[in-house]
Amino acid sequence: VHEPAAAPSEPPPKKLAGDVGVVVEHYNMRPEVGVAQRETSPIIGLKSFNNWVKSVLITRFAHPALAASKVVGRGPRAPRGKVLDMGCGKGGDMTKWAKARAAEVLAVDIAAVSVDQARARWQQLRGPSFDATFAALDCYSEPLSKAFAPAKLATPFDVVSMQFCMHYAFESIQKARCMLENVSRWLRPGGAFIGTIPNADQLLQNLEGVPADAPDLTFGNDVYKIRFEDRVHKSLFGHKYWFYLQDAVENVPEYIVKWDNFAQMAADYGLHLVYKEEFHDVFSEHREHPEFGPLMVRMKVVDANGESAMDEDQWEAANIYIAFAFEKR
Ligand code: SAM
């Protein structure tokens with residue numbers, strides 16, 4: 001079922017300068033751990049919860065878009081539809097795409113080492129799979145057509161997914177525009193654009209709470225820490241903070257995504273909002289759901305008695321994020 005193993009992605013020719021270089025270096029350096037070791041992470045509850053939120057988002061918004069696709073797979077029960085996983089990282093969503101019955105996935109990330117790990121994860125998928133092509137690309141500075149041959153882009157995507165990665169584009173208006181161009185250009189009308197990003201309102205509210213005489217603009221807890229460089233920032237882009245998440249992210253520069261600005265820009269690219277929710281609300285909205293409630297137990301977000309696998313610090317860290325879905329019109 002799998003395509004033959006492709007050659008490892010070429011690493012970017014030279015080390016990238018500036019914040020983007022720090023981001024690439026960080027994600028390239030993070031080791032890929034197996035399933036067993038992942039289970040021992042001190043924040044496994046939070047990681048499971050994040051995965052569950054992504055599964056909800058994919059099942060609710062990506063799955064219908066894939067099912068409605070004109071792309072026909074092989075055989076009567078074949079999977080259908082085409083996905084762009086932008087900022088795919090180490091391929092954490094490969095199983096989710098198989099479950100969503102994708103026919104084809106194009107996966108792309110700026111970190112070439114992660115891209116190779118994502119390809120390996122796809123090759124190891126058991127059960128029904130999909131065709132996949134992997135490429136390394138700075139999706140916020142370069143067009144997607146640089147990474148994929150025209151034939152790969154000839155059929156439009158049914159779904160574009162950006163999980164925990166879109167905020168890196170908000171360093172500048174040019175990068176945000178380039179990112180949205182890459183999202184929208186190859187997405188079919190009626191297709192879904194889904195993602196997860198830090199919640200700017202939450203972050204800025206926490207920043208306001210940092211006392212004026214504090215040594216620096218840091219807040220958080222044992223699980224996550226955020227340090228802003230400026231309390232106020234005049235531009236809609238480039239409001240930078242340094243992010244630490246235990247056992248996941250070691251002080252990486254990230255940028256505030258002001259929601260209204262993002263939604264307005266997205267509309268300019270034909271993308272219209274259908275869903276936006278803080279992670280805590282995704283939880284309360286779906287905990288009693290006949291499908292997503294039991295899924296929460298299977299994904300070990302809660303145990304059979306409904307007891308959470310997250311301690312208070314992890315639960316607080318979980319709500320840094322919001323989930324969204326847009327429809328291309
Ligand atoms: N989407 C994956 C997931 O949910 O597991 C990975 C998320 S990881 C927190 C963020 C990813 O964004 C990293 O793999 C990073 O390399 C990628 N990224 C950051 N800037 C990027 C850019 N300019 N172009 C493409 N990917 C980028």
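**Close-up views of a predicted model**

**View 1. Strand β2 is covered on both faces.** Glu104, Leu106 and Val108 on one side of β2, and Val105, Ala107 and Asp109 on the other, are all buried. A residue counts as buried if 20 or more other C-beta atoms lie within 10 Å of its own, as exposed if 12 or fewer do, and as partly exposed in between, with C-beta atoms placed from the backbone. Because six of the six residues of β2 (residues 104–109) are buried, the strand is largely enclosed by the rest of the structure. Strands (E, at least two residues) and helices (H or I, at least four) are DSSP runs, numbered from the N terminus. β2 pairs with strand β1 (residues 82–86) in the parallel sense over five bridges; two strands pair if DSSP finds at least two bridges between them. Val83 stands opposite Val105 in β2.

Residues are numbered from 1 along each chain as its sequence is written. The model is predicted: local features need pLDDT of at least 70, side-chain atom pairs count only at pLDDT 80 or more, and totals for chains, interfaces and linings use all residues.

**View 2. Helix α3 has a kink centred on Thr59.** The kink is about 40 degrees, where the bend at a residue is the angle between axes fitted to the seven residues ending there and the seven starting there. At 1.5 Å a residue, the 24 residues of α3 (residues 44–67) should span 34 Å, which agrees with the 32 Å between its end C-alpha atoms. The expected span is 1.5 Å times one less than the number of residues. α3 is mostly covered, with 19 of its 24 residues buried.

**View 3. The sheet of β6, β7, β8 and β9 is open.** Its four strands run in the order β6-β7-β8-β9, with antiparallel pairing. β6 (217–220) and β9 (249–255) are the edge strands, each pairing on one side only. Strand β7 (residues 224–228) pairs with strand β8 (residues 240–245) in the antiparallel sense over five bridges, and Phe228 stands opposite Tyr241 in β8.

**View 4. Lys234 lies in the loop between β7 and β8.** Lys234 is exposed, with 7 other C-beta atoms within 10 Å. Asp216 is 18 residues from Lys234 in sequence and 19 Å from Lys234 in space, C-alpha to C-alpha.
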